[in-house]
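Keep the viewer open and turn the model as you read.

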Amino acid sequence: MAEPVVLVATMVATPGQEELVEKTLTAALPAVHAEPGCLRYALHRKAGTTGEFVMIEKWASREALDAHTKGAAMREIGVALAQALAGPPDMVFLDAVPAGDPDAGAV
């Protein structure tokens with residue numbers, strides 16, 4: 001059985017592009033949620049900012065994540081945000097440290 005993959009992707013909007021970034025990311029959520037293997041794809045904004053967005057992702061496997069990165073939703077996001085982000089997303093992959101309640105202690 002494949003291990004789930006947890007990823008935190010941080011994106012910073014170019015000044016003046018905050019609304020475009022937020023609208024583009026929120027519009028893509030239903031399509032991504034419907035992708036095979038998507039267990040969590042949750043958009044957040046860094047508290048106290050208007051242009052720092054954090055996507056918390058959990059995929060059933062590396063293969064599911066790889067299919068997502070090559071899928072239609074990501075292509076559309078890439079085209080729409082090509083000039084709207086200050087740089088490439090900062091992507092951090094996480095390994096769970098199992099402890100305590102298995103449901104409350106892991107993403």
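Buried means under 20% relative accessible area, exposed means over 50%, and partly exposed lies in between (1.4 Å probe, protein chains only). The element names follow DSSP runs, numbered from the N terminus: helices are H or I runs of at least four residues, and strands are E runs of at least two.

A word on what you are looking at: this is a predicted model, in which local features need pLDDT of at least 70 and side-chain atom pairs count only at pLDDT 80 or more, while totals for chains, interfaces and linings use all residues. Residues are numbered from 1 along each chain as its sequence is written, and side-chain values use heavy atoms, with hydrogens and water left out.

Now turn to the pair of helices α1 and α3. They pack at an angle of about 175 degrees, with their axes 10 Å apart. Axes are lines fitted to C-alpha atoms, for helices over the stretch in contact, and angles run from 0 to 180 degrees between N-to-C directions. The two helices α1 and α3 are therefore roughly antiparallel to each other; angles under 35 degrees count as roughly parallel, over 145 as roughly antiparallel, 65 to 115 as roughly perpendicular and the rest as oblique. On the α1 side, the contact is made by Leu-20, Val-21, Thr-24, Leu-25, Ala-28, Ala-31 and Val-32, and on the α3 side by Ala-73, Ile-77, Ala-80 and Leu-81. Contact means heavy atoms within 4.5 Å. By class, the residues of this contact divide into 10 nonpolar, one polar and no charged. For that count, Ala, Val, Leu, Ile, Met, Phe, Trp, Tyr, Cys and Pro are nonpolar, Asp, Glu, Lys and Arg are charged, and the others, Gly among them, are polar.

Stay with α3 for a moment. Which of its residues are buried? They are Ala-73, Ile-77 and Leu-81. Seen down the axis of α3, these buried residues fall within an arc of 50 degrees, so they line one face of the helix; the arc is that of the directions from the helix axis to the C-beta atoms. Leu-81, leaving aside its neighbours within four places in sequence, is in contact with Leu-20, Val-21, Thr-24 and Leu-25. On the face of α3 turned away from its buried side you will find the exposed residues Arg-75, Glu-76 and Val-79.

Take Leu-65: at 3% relative accessibility it counts as buried. Leaving aside neighbours within four places in sequence, Leu-65 is in contact with Val-5, Leu-7, Glu-57, Trp-59 and Phe-93. His-68 also counts as buried, at 3% relative accessibility. Not counting residues up to four places away in sequence, His-68 touches Val-32, Glu-35, Tyr-41, Glu-57, Trp-59 and Met-74.

Thr-26 lies in helix α1 and is partly exposed, with a relative accessible area of 35%. Pro-36 sits in the loop between α1 and β2 and counts as exposed at 70% relative accessibility. Beyond its neighbours within four places in sequence, Pro-36 is in contact with Trp-59 and Ala-64. Ala-96, in the segment after β4, is exposed too, with a relative accessible area of 62%.
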